[in-house]
Amino acid sequence: MDRDSPFYRVRHYRAHWQPLWAILGFILCTLLMLFSGWSAIYNLCAKSAGVDWGDSVVDLVASYLGPIIFALILIAYKLVKKTTLRDMNDMRDVWFVKDVPDEDDEKNTPKQRHKNRFWEFLSWVR
């Protein structure tokens, strides 16, 4: 589906600077994951004094085992459930209610003034 189509503009929220933020988040999370065990890799390669080789291997496994287990669980789920990618038009949007007025409707309707400040406050709270 084209993000510039009228259907997409009316039905879905378009965040500013997307997909730049999603790409940036993916890159930063990947860098965080790659460099989270950097000290263990450095200790293995540099053979630092006072650091046992076994301790460095344990640190390395502890740093990188989580993403590997996550990837294996994701792949196993995809294979067992035989899930596929679906088109956005095929999905039922439970959050989209067709009867809700959009911003343009709200701007064009005159504001209802109440005679009593109490009722005006209650309408503001709702």
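This is a predicted model: local features need pLDDT of at least 70, side-chain atom pairs count only at pLDDT 80 or more; totals for chains, interfaces and linings use all residues.
Is S56 buried or exposed? It is buried, at a relative accessible area of 2%. The cut-off for buried is under 20%, so S56 qualifies. What does S56 touch, once we set aside neighbours within four places in sequence? The contacts are A40, N43, L44 and V51.

Now the helix itself. α4 covers residues 53–81, which is 29 residues. From its first C-alpha to its last, α4 reaches 41 Å. At 1.5 Å a residue, 42 Å is expected, and the model comes close to that.

Where does α4 kink? Look at L65. The kink there is about 40 degrees.

Let's step back to the whole chain. How many helices and strands are there? We have 6 helices and 0 strands. Read from the N terminus, the order is α-α-α-α-α-α.

Next, burial. The chain has 126 residues, and 5% of them are buried. S56 is one of the buried residues.

The accessible surface of the chain is about 11,900 Å². Carbon and sulfur atoms account for 65% of that area.

Last, contacts along the chain. Take those between residues at least 6 apart in sequence. Of these, 41% join residues at least 24 apart.

Note on methods. Residues are numbered from 1 along each chain as its sequence is written. Side-chain values use heavy atoms; hydrogens and water are left out. Helices (H or I, at least four residues) and strands (E, at least two) are DSSP runs, numbered from the N terminus. Buried means under 20% relative accessible area, exposed over 50%, partly exposed in between (1.4 Å probe, protein chains only). Contact means heavy atoms within 4.5 Å. Accessible areas come from the Shrake-Rupley method with a 1.4 Å probe; for residues, only the protein chains shown count as cover. The expected span of a helix is 1.5 Å times one less than its number of residues. The bend at a residue is the angle between axes fitted to the seven residues ending there and the seven starting there.
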